[in-house]
Amino acid sequence: MIRTLLTTPEGDIHEGGEPLIELWRQTPGSHIWVDMQGESQASERRLLEGFECHPMAIQDAHKERHPPKIEEFEHHTLIIYRGISSFDAQLNFVPQQVCFFIGERFLLTLHPGEALSIERLFNEQGRALLAHSPEHVALRVMYLSAGFYIDSLLEFEVELSDLEDELLENGNDVLMRKIIAYRSRLVKMRRIFSYHKGITQELTAYDYAHLPREESETRHAITDVEERFERLYTLTQMYYDICGDLVNGYISISSHQLNITMRVLTVITAIFVPLTFIVGVYGMNFEYIPELGYRYGYFFVWGVMLGIGGMLIWLFKRKHWF
């Protein structure tokens, strides 16, 4: 699907398809946003070459799972961004690559499936932002996308709090596997946000021709995006640490319970070892054992065994071993 949004210096707004590109060429001072969703590489290449996009930029945009980056060319600036097509409070998210080709008068966006931030912006604020400048549209798309991430992460904080309470009350291996799965997803998200934070840091540090920092509105938009990705990176790192603490806490509790169990078993063993020794001695098959002729020998041995057992139990209780 190819859709276009065109704004003219007179304030006119046109929405349609490819035919608006020719109108854009014939209207000096106009801005155009061409959004390509799920198009074939041949169709995308044809349109991109029509806007004089650099072949290396087109090649990077068509690579699957290319790391997010920003790169400036003569006629445009390329931003490869990792957007989302779905995301929930359990950190189940489906990322997708979104490429921005930002020129002086145009913005081209490429993405394989529906992008939530682009859909919202194309139908709501996109017209006013495009009339101002194409770079404002690209920055707002990233800003909205980061907002989706933040909303879901804050919902995950409630899930994580409930999981922490459940783990302390009734920890089990099922909860452990759930926490480890969350940690794995957080690592993937942290890697994505690290790339995005690097992009915004470059935008802040270097003056790109198609995202000029001397304009205060552009500078503020870049700062807003940078702050959101900084917050996202911080949140994912914090939640990752919390999950790690929960894992370590569960292991510590399990180890403590195992130590208690082993201590009880050790106490029981220590009580029965001397009794087993006595039984072993008098269980030997010798014909002449002096105690065998003693009338009260059986009761005497029982008394000794019970006395030893009772004394050991008293000693261990005094030491609070059980």
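Modeller: Start with the largest cavity: ten residues line it, and Tyr81, Gly83, Val98, Ser117 and Ser145 lie nearest its centre. Keep in mind that this is a predicted model.

Colleague: Which elements supply its lining?

Modeller: β5 (77-87), β6 (93-102), α4 (116-123) and α6 (134-170) each give at least two residues. β5 has the largest share, with three residues. By class, the lining has seven nonpolar, three polar and no charged residues.

Colleague: And the largest pocket: what is its volume, and which residues lie nearest its centre?

Modeller: The largest pocket holds about 370 Å³ of space. Its lining has 17 residues, with Ala61, Lys63, Glu64, Gln97 and Pro112 nearest the centre. α2 (41-50), β6 and β7 (106-111) each supply at least two lining residues. The largest share, four residues, comes from β6.

Colleague: What is the class make-up of that lining?

Modeller: Five nonpolar, six polar and six charged residues line the largest pocket.

Colleague: Thr109 is in strand β7. Why is Thr109 called buried?

Modeller: Buried means under 20% relative accessible area. Thr109 has 0% relative accessibility, so Thr109 counts as buried.

Colleague: How do you know that the side chain of Thr109 makes polar contacts with Trp33 and Asp35?

Modeller: The cut-off is an N or O pair within 3.5 Å, with one atom able to donate a hydrogen and the other to accept it. The side chains of Thr109 and Trp33 are joined by a polar contact of 3.1 Å. For the side chains of Thr109 and Asp35, the distance is 2.6 Å. Leaving aside neighbours within four places in sequence, Thr109 is also in contact with other residues, including Val34, Met36, Cys99, Phe100 and Ile118.

Colleague: His76 next. Where is His76 found, and why is His76 called buried?

Modeller: His76 is in the loop between β4 (69-72) and β5. Its relative accessibility is 0%, so His76 counts as buried. The side chain of His76 reaches the backbone nitrogen of His54 at 3.0 Å. Beyond neighbours within four places in sequence, the contacts of His76 include Glu52, Cys53, Ala57, Phe101 and His210.

Colleague: What makes Glu52 stand out in phi?

Modeller: Most residues other than glycine have a negative phi. Phi of Glu52 is near 60°, a positive value in a residue other than glycine. Glu52 lies in the loop between α2 and α3 (55-61).

Colleague: How do you know that Cys53 is in no disulfide?

Modeller: The structure holds zero disulfides. For Cys53, the nearest cysteine sulfur is that of Cys99, 11 Å away.

Colleague: Buried or exposed: what are Cys53 and Cys243?

Modeller: The limit for buried is under 20%. Cys53 has 6% relative accessibility, so Cys53 counts as buried. Cys243 has a relative accessible area of 0%, so Cys243 is buried.

Colleague: Why is Met176 called buried?

Modeller: Met176 has a relative accessible area of 10%; the cut-off is under 20%, so Met176 is buried. Met176 lies in helix α7 (residues 173-205). Not counting residues up to four places away in sequence, Met176 touches Val247 and Tyr250.

Colleague: Last one. Why is Gly309 called buried?

Modeller: At 9% relative accessibility, Gly309 falls under 20%, so Gly309 counts as buried. Gly309 lies in helix α9 (residues 297-318). Its contacts, leaving aside neighbours within four places in sequence, are Ile271 and Leu275. Gly309 and Tyr182 are 127 residues apart in sequence and 51 Å apart in space, C-alpha to C-alpha.

Conventions. Residues are numbered from 1 along each chain as its sequence is written. This is a predicted model: local features need pLDDT of at least 70, side-chain atom pairs count only at pLDDT 80 or more; totals for chains, interfaces and linings use all residues. Side-chain values use heavy atoms; hydrogens and water are left out. Buried means under 20% relative accessible area, exposed over 50%, partly exposed in between (1.4 Å probe, protein chains only). Contact means heavy atoms within 4.5 Å. On a 1 Å grid over the protein atoms alone, a cavity is a set of points where a 1.4 Å probe fits but cannot get out, and a pocket is an open set with protein on both sides within 12 Å along at least five of seven lines; lining residues have an atom within 4 Å of a point. Ala, Val, Leu, Ile, Met, Phe, Trp, Tyr, Cys and Pro count as nonpolar, Asp, Glu, Lys and Arg as charged, and the others, Gly among them, as polar. A disulfide is a pair of cysteine sulfur atoms within 2.5 Å. Grid points are joined across faces, edges and corners, and a volume is the space filled by probe spheres set on the points.
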